[in-house]
Amino acid sequence: SRLFLQNGLFVVGPESAKAHPGPICYRKNGYLAVTDANVVLGRVIPDHFPNIFGPNEDESLDLAGAREAFQKLQMENSEGEGRSVEELAYGFIQVANEAMCRPIRNLTQMRGFDITSHALACFGGAGPQHACAMARALGIKKVYVHRYGGVLSAYGLSMADAVVEEQEPAKEVYAVAVSGGGFDESIDPSASAREERLQYLAKKARLSLMKQGYSEDSVVIEKYLNMRYQGTDNAIMIKESNSSSALPYAEKFVEQYHREFGFELDGRDILIDDFRVRGVVPGKDLQKSAATPQLGSPTPAGKTKAYFENGWEDASTYNMEDMKPGHKIQGPAIIFQSISTIVLEIGCVAAVTSDGDLDIDVEQLHSKDVASFADDGRETEIIEDPVQLSIFAHRFMGIAEQMGRTLARTAISVNIKERLDFSCALFTKDGGLVANAPHIPVHLGAMQSAVRFQVEYWNSEGRKGIKEGDVLVSNHPQLAGGSHLPDITVITPIFHEGKIIFFVASRGHHSDIGGVSPGSMPPHSVNLKDEGASIVAFKLVKDGKFQEEGITDILVNQGDVPGTRNLKDNLSDLRAQVAANNSGIRLLHQLVHENGLKKVEAYMHFIQHNAEMAVRNMLKEFASAHGTRAHSIDYMDDGTPIELTIEINPKTGSACFDFEGTGPQILGNLNAPPAVTYSAVIYSLRSLVGQDIPLNQGCLAPIEFKIPAYSLLNPSDDVGVVGGNVLTSQRVVDVVLKAFKACAASQGCMNNLTFGDDRFGYYETIAGGAGAGPTWEGRSGVHTHCTNTRITDPEILERRYPVLLRRFGLRKGSGGNGKNQGGDGVIREIEPLRPLVMSILSERRTLQPYGLDGGEPGMTGKNLLVKKDGVVLNIGAKRSGSLNVGERLVIETPGGGGYGRATE
């Protein structure tokens with residue numbers, strides 16, 4: 001990975017130096033990379049590498065060239081001031097290690113594993129150079145380095161089993177649930193069909209291997225069932241076990257489901273989605289290891305200087321070929337295998353096994369006491385350090401990402417578990433956004449508004465405040481910082497020594513919370529009450545107890561408007577949001593334990609300031625190139641204007657975003673609360689910076705907003721707003737990017753489709769075309785800007801809901817022409833299998849997504865109803881009505897605008 005100093009941060013990757021030209025030390029005019037840092041720090045020693053570098057591939061690694069590149073970087077960037085070359089290089093190693101730790105934490109959390117109870121296995125030439133430091137950062141106590149670690153994949157191929165897999169879909173009930181939990185062991189509904197299909201697949205697999213020359217006796221058959229709970233979509237492949245249980249597959253399924261998702265679902269049947277068989281001819285067996293003698297420390301091959309956490313250290317070097325089983329080596333040390341280098345950190349001990357592998361014990365350092373004191377006893381000020389800033393940026397974002405994975409893992413609804421329509425974030429004790437994982441952009445600024453409202457509300461006069469064991473919930477768009485009613489925010493305070501130190505929050509789109517139409521996205525609502533249950537402030541958990549009765553009353557009893565149609569899913573998803581917040585609390589407590597509260601708080605503020613300065617610098621650069629004033633206007637399909645004038649102070653990089661000229665609030669639901677505008681602007685500014693910066697409240701610190709009262713972007717608290725979050729937000733982004741001359745308009749719509757009846761509600765957003773820019777063509781068939789959700793898989797859609805997906809593909813030619821072509825929209829055609837109410841809430845059906853700099857606009861979208869007799873009706877942008885069996889709804893989404901005048 002390449003190394004950069006950007007916006008006060010040490011940045012590692014994602015750009016790669018590649019094998020050619022490679023790092024600087026390869027002598028091919030390459031790029032500064034992690035390998036250069038290891039060479040400069042003495043962790044990679046040129047004398048132990050063959051002379052295969054340079055233009056003629058006959059030179060050694062270039063230590064002098066790598067040092068010179070770091071010196072140049074040091075002189076050209078303020079982040080390098082006051083650092084030696086070694087300190088600069090070591091800073092990059094620390095950031096690189098944390099960048100690699102982040103996905104490891106996320107993936108293990110997603111699967112429900114405790115990472116600290118596992119060993120870290122590493123392979124490849126470079127892996128062992130970082131493994132000990134990463135293990136220490138992850139809390140892992142053991143590292144394993146195979147003797148063929150540098151070519152482990154090739155070695156594995158030589159030992160691999162010969163395997164043939166056969167699989168076919170199924171739709172069977174394996175276990176019938178009984179009231180009170182468990183399953184009826186006297187019933188096995190799929191027994192005869194299951195055994196018949198598995199035997200058939202086993203025969204196919206066996207014959208396939210025999211055709212490859214293997215004998216029938218050498219083939220081992222493994223049987224699997226792909227299983228899930230009724231009403232869920234997460235299937236788990238379960239291998240046949242030797243259990244004596246009447247329902248052995250169910251026993252293993254429940255055990256694995258609980259490990260991955262943290263709970264069981266009582267009262268639900270277990271279904272079979274697939275039958276699967278693996279025919280296996282076992283590969284070469286590994287020889288059993290002999291007992292390892294205790295030989296103590298071997299004689300070092302030499303001594304070297306290597307740079308570690310405390311600076312330069314004397315490190316012994318060892319050749320793996322000279323070491324014998326039973327030898328032990330104390331770090332710091334460097335061990336040379338024929339195809340890799342192993343860096344043994346201070347406090348680590350490596351032992352050679354009887355197979356010639358290395359088992360490394362990693363000493364876990366004690367928590368750092370960062371509250372250091374001066375000679376007079378006063379606590380010293382924590383000074384911002386770019387390396388620590390970069391590491392904390394990864395840690396904060398990693399915590400938000402792990403919260404998201406917990407939420408996706410524990411939720412029930414398709415909307416959250418499959419479409420990933422949620423966001424998770426960390427906040428300071430006053431509600432300032434610190435880190436928002438890259439989930440849903442339209443939630444960015446709005447979540448901060450929601451947290452700050454709750455802090456102010458519960459601490460106002462006459463209220464009892466926020467106590468440990470409380471969890472808060474809200475969704476009101478105008479009063480409580482919400483986006484629209486289906487987006488419910490769950491907020492949990494984090495306490496330390498009796499005081500609130502941070503907040504964590506998760507916002508998830510619930511597929512139905514009541515209102516006049518299934519899915520709670522009515523196309524023609526004019527009042528907020530038509531759109532479902534509204535919550536200004538409620539304690540979802542009080543004194544540690546989930547308030548099911550209270551939240552049920554809010555969701556179900558909505559006066560003359562129908563209550564939620566999916567209460568069971570609502571409650572399950574709210575519990576999942578609480579669980580996601582709890583995971584964030586645990587991880588933040590761990591971070592405080594490792595670093596101290598003062599340091600964590602300080603770096604929360606430093607990371608916000610870093611984002612602020614990046615945005616200020618971007619605004620200064622724009623003012624220098626294009627002037628201090630920018631203006632743009634665009635329109636909703638009904639003609640309502642959204643007008644923006646930007647005035648930039650070229651000295652400070654601050655700016656005023658004045659929406660004067662925007663049309664008045666409308667008798668409809670396209671009204672957008674101010675929090676939605678803040679979210680659209682913070683997303684746009686973050687995108688305009690063009691580099692990877694932290695996404696937090698600092699992005700908005702340079703911005704002053706002027707939004708006229710009772711306008712489309714600042715409506716009264718009782719009007720409909722459900723379309724403002726999903727449609728008007730997109731137009732605000734179009735207006736901002738147009739003002740900055742950044743790119744052509746994208747589809748400008750989320751194409752919100754809902755359907756259901758009195759038993760369920762379903763919601764999805766549909767992709768379209770992205771706008772082209774100065775150096776890129778617009779992507780086709782993608783969610784753009786303020787939405788970042790997935791579309792439900794066709795198989796899941798048809799399995800869970802009474803619909804048939806007739807067509808789903810690109811709408812060729814719908815992108816605007818230009819030097820760079822706009823992306824194409826999509827066509828999605830759905831047919832109900834029983835009478836359903838279907839609603840579409842969309843835009844860009846009248847006015848085209850604009851092109852820029854001579855590029856042509858994208859095509860508008862269409863919503864069509866195909867009747868039984870073949871008659872096709874254009875139903876307009878916003879419509880709700882009953883669809884009968886045999887009728888079809890066809891949605892053609894807009895394309896993106898083109899950029900630049902097309903040339904012949």
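Trainee: In the hairpin of strand 14 and strand 15, which residue takes a positive phi?

Mentor: That residue is Gly356, whose phi is near 90°, in a hairpin with five residues between the strands. Before going on, please note that this is a predicted model, in which local features need pLDDT of at least 70 and side-chain atom pairs count only at pLDDT 80 or more, while totals for chains, interfaces and linings use all residues. Residues are numbered from 1 along each chain as its sequence is written, and side-chain values use heavy atoms, with hydrogens and water left out.

Trainee: How are strands defined, and over how many bridges do strand 14 and strand 15 pair?

Mentor: Helices (H or I, at least four residues) and strands (E, at least two) are DSSP runs numbered from the N terminus, and two strands pair if DSSP finds at least two bridges between them. Here strand 14 and strand 15 (residues 358-361) pair in the antiparallel sense over four bridges, with Asp359 in strand 15 as the bridge partner of Ala351. Strand 14 is also joined to strand 11 (residues 328-330), again antiparallel, by three bridges, and there Gln330 stands opposite Val349.

Trainee: What is the order of the strands in the open sheet of four?

Mentor: The order is 5-8-6-7, and the pairing is antiparallel. Strand 5 and strand 7 (236-239) are the edge strands, each pairing on one side only. From one strand to the next the twist averages 25°, where angles run from 0 to 180 degrees between N-to-C directions and axes are lines fitted to C-alpha atoms, for helices over the stretch in contact. Helix 6 (residues 191-211) packs on this sheet, touching strand 5, strand 6 and strand 8 (270-281), and its direction makes about 25° with that of strand 8; contact here means heavy atoms within 4.5 Å. Strand 6 (residues 220-229) is joined to strand 7 by four bridges, one of the pairs being Leu225 with Ile238.

Trainee: Is Tyr174 buried or exposed?

Mentor: Tyr174, found in strand 5 (residues 162-175), counts as buried because its relative accessibility is 1%. A polar atom of the Tyr174 side chain lies 3.2 Å from the backbone nitrogen of Tyr249.

Trainee: At what angle do helix 8 and helix 13 pack?

Mentor: Helix 8 (residues 386-410) and helix 13 (residues 597-626) pack at about 95°, with their axes 10 Å apart. Angles under 35 degrees count as roughly parallel, over 145 as roughly antiparallel, 65 to 115 as roughly perpendicular and the rest as oblique, and helix 8 and helix 13 are therefore roughly perpendicular to each other. The residues that meet include Phe392 and Phe396 in helix 8 and Tyr603 and Ile607 in helix 13. The residues of this contact divide into nine nonpolar, two polar and one charged, where Ala, Val, Leu, Ile, Met, Phe, Trp, Tyr, Cys and Pro count as nonpolar, Asp, Glu, Lys and Arg as charged, and the others, Gly among them, as polar.

Terms used: Buried means under 20% relative accessible area, exposed over 50%, partly exposed in between (1.4 Å probe, protein chains only). A polar contact is a pair of N or O atoms within 3.5 Å; within protein, one must be able to donate a hydrogen and the other to accept it, and residues adjacent in sequence count only if both atoms are side-chain atoms.
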